[in-house]
Amino acid sequence: FLCLIFGFARGVLGKEELSIVLVEAGSKLYQQITMASNEPGPVRGVGPVSMPDDKKPLATVSKAVKYENVCVLPQTPQLIALLTMIRDQRTCRADFVFYSNRIIRLLVEEGLNHLPVVQKTVTTPVGHTYGGVGFEGKICGVSIMRAGEAMEQGLRDCCRSVRIGKILIQRDEETCKPALFYEKLPQDISKRWVLLLDPMFATGGSATMAVEVLKSKGVPEDHILFINLIASPSGVADFAERFPKLRVVTAFIDQGLDEKKFVFRRTWHFVNDQHC
């Protein structure tokens, strides 16, 4: 790297100018190496805080992201254990549903943390006042059928009587491009915060089309939270850049896509395991 700079610059720059260029280039190279070494790798020790790092078992964790509008759940021992269960081919359907629902509940809870709140003061049963906050505005869920329907119960567990709309988008297995078949949404959806639900996020085509449908109904982009279980790095990157005001909450960003444009280390198909 330095040799290339020197070969290019020695015929153009003086000694002092060349020294400045080399120092600046070396500084930038050092920063890049330092930043790369500080990024969490795909495999690291996972365990309780009280356990020494050298005693923690190694596990595959989510890839890091550089987008401020993408939130990855903390890679805690609990989350990694749950992900391990739903990825295991020996896991029976009942256990798959149970453990995936636990992850979905964590995702919904984190998604609710990104909604705006307002100051709220209440009186306790013993007559004292408590200064807290309350959610601002109404919410609704929108599931991308059919896999997204598997996340509806987790949303209902956290938000009682929440309204849920549906969008049916199917991907052509040959072209990998999505097509809209059906949508049924609350009439006042433009006045609500929308939690868009889809567990598997590969190319992002279906989610992109779903967001465009919501925006065509008057939903502001910054009022949409995309709740996802497992995503591909390329899909989430394209999605985050295309919709910078939208927020993504995911449990895991995986290795990438296979030759069929599916998430590389995907779980069992959510439609089959959750609905059959």
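## Terms and overview

Contact means heavy atoms within 4.5 Å. This is a predicted model, in which local features need pLDDT of at least 70, side-chain atom pairs count only at pLDDT 80 or more, and totals for chains, interfaces and linings use all residues. Residues are numbered from 1 along each chain as its sequence is written, and side-chain values use heavy atoms, with hydrogens and water left out.

The protein has 8 helices and 12 strands. Helices (H or I, at least four residues) and strands (E, at least two) are DSSP runs, numbered from the N terminus. Of its 276 residues, 41% count as buried. Buried means under 20% relative accessible area, exposed means over 50%, and partly exposed lies in between (1.4 Å probe, protein chains only). Among contacts with a separation of 6 or more, 60% are between residues 24 or more positions apart.

Strand S9 covers residues 192-197.

S9 has parallel pairings with S6 and S11. Two strands pair if DSSP finds at least two bridges between them. Strand S6 (residues 138-145) joins S9 over 6 bridges. There, Lys 138 stands opposite Arg 192. Strand S11 (residues 224-231) joins S9 over 4 bridges. In that pairing, Leu 197 faces Ile 227.

## Helices H3 and H4

Helix H3 (residues 77-87) packs on helix H4 (residues 93-112) at an angle of about 145°, with the axes 9 Å apart. Axes are lines fitted to C-alpha atoms, for helices over the stretch in contact, and angles run from 0 to 180 degrees between N-to-C directions. The crossing is left-handed, meaning that the near helix is turned anticlockwise from the far one by less than a right angle. H3 brings Gln 78, Leu 79, Leu 82, Leu 83, Met 85 and Ile 86 to the contact. H4 brings Phe 96, Tyr 99, Ser 100, Arg 102, Ile 103 and Leu 106. By class, the contact has 9 nonpolar, 2 polar and 1 charged residues. Here Ala, Val, Leu, Ile, Met, Phe, Trp, Tyr, Cys and Pro count as nonpolar, Asp, Glu, Lys and Arg as charged, and the others, Gly among them, as polar.

Met 85 sits in H3. Its relative accessibility is 29%, so Met 85 counts as partly exposed. Leaving out residues up to four places away in sequence, Met 85 touches Thr 91 and Tyr 99.

## The nonpolar cores

A nonpolar core is a set of buried Ala, Val, Leu, Ile, Met, Phe, Trp, Tyr and Cys residues joined through side-chain atoms within 4.5 Å. The largest one has 33 residues. Which members touch the most others? They are Leu 83, Ile 103, Leu 107, Leu 155 and Ile 227. H3, H4, S9, S11 and strand S12 (247-253) each give two or more residues to this core. H4 gives the largest share, 6 residues. A second, separate core of 29 residues includes Ile 167, Ile 189, Val 219 and Leu 246.

Ile 227 lies in S11. It is buried because its relative accessibility is 0%. Beyond neighbours within four places in sequence, Ile 227 has contacts that include Leu 107, Met 151, Leu 197 and Val 249. Ile 227 and Asp 198 are 29 residues apart in sequence, yet 6.5 Å apart in space, C-alpha to C-alpha.

## Helix H7

Helix H7 spans residues 233-242. Its buried residues are Gly 235, Val 236, Ala 237, Phe 239 and Ala 240. What covers them? The cover includes strand S3 (70-72), strand S10 (200-201), helix H6 (205-216), S11 and S12.

Strands S7 (residues 163-171) and S8 (residues 178-184) run antiparallel, joined by 6 bridges. Leu 168 stands opposite Tyr 182 in S8. The two strands form a hairpin with 6 residues between them. In its turn, Cys 176 has a positive phi of about 65°.

Most residues other than glycine have a negative phi, and most peptide bonds are trans. Ser 161, in the loop between H5 and S7, has a positive phi near 65°. Ser 161 is exposed, with a relative accessible area of 69%. A cis peptide bond joins Met 145 and Arg 146, with omega about -5°. Arg 146 lies in the loop between S6 and helix H5 (152-158).
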